[in-house]
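Hello,

Here is the structure for you to open. Please keep it on screen while you read the notes below.

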Amino acid sequence: MFERMTGSTSVSVNRRANFRREADAENDYLARLIAQIPEAVLCFDHNWVITYANAEAIKISCIQPADIHSKTYWELFPDTLGTELERICHDVMLTRVAQQVEHFYESLDIWVDIHVLPTDDGISLYYRDITARKNAEGLRDQAVNQLQQIFDSDADSIVCIDRNWNCTFANRAALSILKTHKLVGENLWDRFPSNRQEPFRSNYLAAMERRVPTEFEAYYPEPLDIWFKVSARPYEEGIIIISSDITDRKGAEFLRDTSIRQLRQVLETTNDAVASIDRDWNFSFLNRRAKELLGPKGELLGKSVWREFPVAAQPGEILHHLHRAMDEGIPGEFEAFYPDPLNLWLSVQCRPFDDGIVLFFRDVTDRRQAETVLQEQQDLLASIQKTALVATWDIEYATGKITYGAGSYPVFGHPLADIPDYRAFKKIVLPEYVPIIVASIQGGVETGQMVVQDFQVRAADGRTLWLESRGHAVMADGVPTHLRGLTIDITARKKNEEALVASEARYRVLADLNPQAIWMGAPDSRITYANQNFLDYLGLTIEDLNSSGWLGAFHPDDRQRVQETWNHSVATGEDYDLEARIVRARDGHPRWWWIRAQPVRDESGKILHWLGVAIDIDDRKTFAETLQQRQEETERQRAELETIYENAPIGLSLLDPVELRYLRINDRQAQTIGLPKEKIIGQVITDIAPLPGLKELLQMAVSGQSVRNHLLEGELPTRPGEHRYWNVSYSPVYNTNNKVEAITAVILEMTNQKKAEAALIQSEKLAAVGRLASSISHEINNPLEAITNLLYLINLSTELPEGVRRYVHTAQNELSRVCQIATQTLRFHRQAVRATHVSAAELVDAVLNLYQGRLANSSIKVEATYASPTTVLCFENDIRQVLNNLIANAIDAMRQGGRLIVRAHDAIDYSPEYPEGRLGIRITIADTGHGMSPAVQARLFEPFYTTKDLNGTGLGLWISAGIISRHKGRLTFRSNQDSIHHGSVFSLFLPSVEEVGIEPQ
């Protein structure tokens, strides 16, 4: 406040001077105000004598009233001499330019922020205690940083515009920022035409015309090329435009956004999990690793910590550290185990920040488990030490005092308490080993290496024990302080070594008597040893082996391979392993041998020698070849059976006897079910095929009873609405323990057979009806002919009244139609024996006449047009049967009335079988019915498929397709279920060329 009132810079004072004329009155006011302001004010004359100090200055600087007008500043504060503060004070005294500095008074142990300003009598210090701020400088928030930047930045541009949009005032910052020497009197729009663009124009107009303060940020192009932050404020005579150059800030924001993106990338790629929690205890950020570790809880952003992780809200280490960081701003670090659903040990660091806390955590479950394992291993080691009879010890080098490890066993043959020091130890050692032990210890001290020494001691019971001690010297500044190591009883090992030396001769004899071939080679590839059994087979001596004579024992075709393999093993150290033929010396017969060898190495890895064996595998190899042939034959037979299984025309499958799940299934059975194999394997059969009685049949097979040729029927979920039939057989498969390990299923679908039987019965009924209709038609022809003649004679009478004559004409017409129907019925029933030439009109009209009454009753309008008199060679009754099926289906599709459109014309048919085209006639039958769905169209010519329930057999179109195929014709269709254009069109093409081989149905 002091800085603002006094003008913290000379620019501010000068700016107010331009607006105010009553400077003296204001100075008096400021003098009274200075005495009361909370900042310290201290004035010096040109001789540096203190001339004024307000109450805050006396308090902060510990100045006594007697010091004013009597002492210089440097006398009161000698520790400021030679500092930046002294330099600035001298500069201000000389240059009369105000400066500012922050200074630490060691004598007062405080930091102060000082403004040094020139006065008429000398200089003045305006300062305040900023010790607390300095101590908390590392925690300054963004607001403090922005405030500091404002203090360090230049003044804003201030321009006054009158109601005529002319400039009436502009400060120096405005002239500098707007790159001009004169603004007063200039018109805003003319001087800066880009102000006519948005957002400048609308904001200025709002402030000027509607008197609404506005504020915005915008870029002003060339010649300024500056980003402005603009505030337009109305005042009595116009508006004030306060603007500042924020180009650097815009660049900084860009850099900040870039830094934020880079920081986010770093947080996303780091292996540590990072999560931030706001002050409402909600998650505000989680990086990739945090989402992975906390994944079992799902999406966490914006959710409460305590609700999602209720265990953390319970009193304990987690709750303590989180609240401490959030409430007190104290960072913390801890490890804790979080149970389900995480089940993780986490190492957590809590760090406070402005908006809450940040958690850095990682999964240390493996480390904690490893520590547990390590502790268990340490406990195990202590147990092993006791079990293995080992003594660990630590000898103080200067005093010879011995300290034994916990669990040490008295391997010295005396209680460990009886050997408290090195002197007592030497008493139980056999005399000849004492100087050896002393020299060994000295060597270990000089070299700093581990020392291993075997020696003998005399036990308390008189026995002589062999001991092995391993130890090393502990050094401090090059001086040995302790000897540490362990001692084990090797008496048994020493005895074993002696026994081993004694038994080597026995082992050599046993090797010679071994029926297996044993041999040894030197590192330079020489064969140095073979047991007697092998030498007898080779017909060689040890001397022959030392030379290259051993190679001659191999079959000539194998020698090069044997030599190359042996040289490779010697050169690389890899195992020697091959099969080769060796000639038996006594009869010259070669036999196959398997020869192997491995190198024996010393501690440095150097090969000492090669140890090998050779095994006669001639019989096994011959048997292996035979076995391979049998295996190949078995595999061929298995492949044949597999092919038969997969391609069998009946369904085959294998079921688990416990849960009745599919273990295997062939293609035919998968097709029957209507699902791919991978969706059937592993499923329960009763889920795939919920048929009545199926589970009971399978339970019979599970109990060991075979089910043969049982008929099942029902619907499958894959083909709803279709009642199907199957002939099934189930048999148990037994394992070696005579228990049922699987169920085999053989399924033959009988649906088509059942439908064929029903269709056959229906066909026989229809045939009987046809024969009856034929008989009736034949029998009524004679009466009809008599009635026709009588009506004709009646019509010849001249006395017949005109009204009666009209009735006679009507009776003649109806009787004529009855005769035509009877004739057509006979024609349908008769079976043609040869093809005849017939026109489209003759084929179609006969069928339409049969349906004339049904068409009228159904309100169906028939539109028949025959544009072609061409005849085709066909069995007309068969073609009429096709047309009968098509027209009957069209009538069934128009139950509410419609149009039946029949067209016939000459046509040329192009098809894959006849790419050049062929002549004929095309008959199309179209209806305006409801149309067919894609599912129905896909199965339209499938036998026994019908949409007429009990009114249809599903054979009409299937039979029709067969008839057209035999006539070398084509039957196609299209259908639409659109709400406006709906219906079906069937197109029948019959070739006009007389085809060979047409036979009646």
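Start with the largest cavity. By class, its lining has 14 nonpolar, 7 polar and 2 charged residues. Here Ala, Val, Leu, Ile, Met, Phe, Trp, Tyr, Cys and Pro count as nonpolar, Asp, Glu, Lys and Arg as charged, and the others, Gly among them, as polar.

Two notes on reading this. The model is predicted, so local features need pLDDT of at least 70 and side-chain atom pairs count only at pLDDT 80 or more, while totals for chains, interfaces and linings use all residues. Residues are numbered from 1 along each chain as its sequence is written, and side-chain values use heavy atoms, with hydrogens and water left out.

**Cavities**

The whole structure holds 8 cavities of 30 Å³ or more. A cavity is a set of points, on a 1 Å grid over the protein atoms alone, where a 1.4 Å probe fits but cannot get out; lining residues have an atom within 4 Å of a point. Points are joined across faces, edges and corners, and a volume is the space filled by probe spheres set on them.

The largest cavity has about 340 Å³ of space. Its lining has 23 residues, and Trp393, Ile395, Ile437, Ile441 and Ser469 lie nearest the centre. Elements that each supply at least two lining residues include α18 (434-447) and β19 (464-476). Helices (H or I, at least four residues) and strands (E, at least two) are DSSP runs, numbered from the N terminus.

The second largest cavity has a volume of about 280 Å³. It is lined by 16 residues, with Ile318, Tyr338, Leu346, Val348 and Leu359 nearest its centre. That lining has 16 nonpolar residues, no polar and no charged ones. β13 gives the largest share, 3 residues.

**The sheet**

Five strands form an open, mixed sheet in the order β32-β34-β35-β37-β36. Two strands pair if DSSP finds at least two bridges between them. At the edges, β32 (860-866) and β36 (970-977) each pair on one side only. The twist averages 20 degrees from one strand to the next.

β34 (898-911) and β35 (914-927) run antiparallel, joined by 11 bridges. Valine 902 has isoleucine 925 in β35 as its bridge partner.

Helix α30 (840-850) lies across β32, β34 and β35, at about 165 degrees to β32. Angles run from 0 to 180 degrees between N-to-C directions, with axes fitted to C-alpha atoms, for helices over the stretch in contact. Contact means heavy atoms within 4.5 Å.

Best wishes

Technical notes. On a 1 Å grid over the protein atoms alone, a cavity is a set of points where a 1.4 Å probe fits but cannot get out, and a pocket is an open set with protein on both sides within 12 Å along at least five of seven lines; lining residues have an atom within 4 Å of a point.
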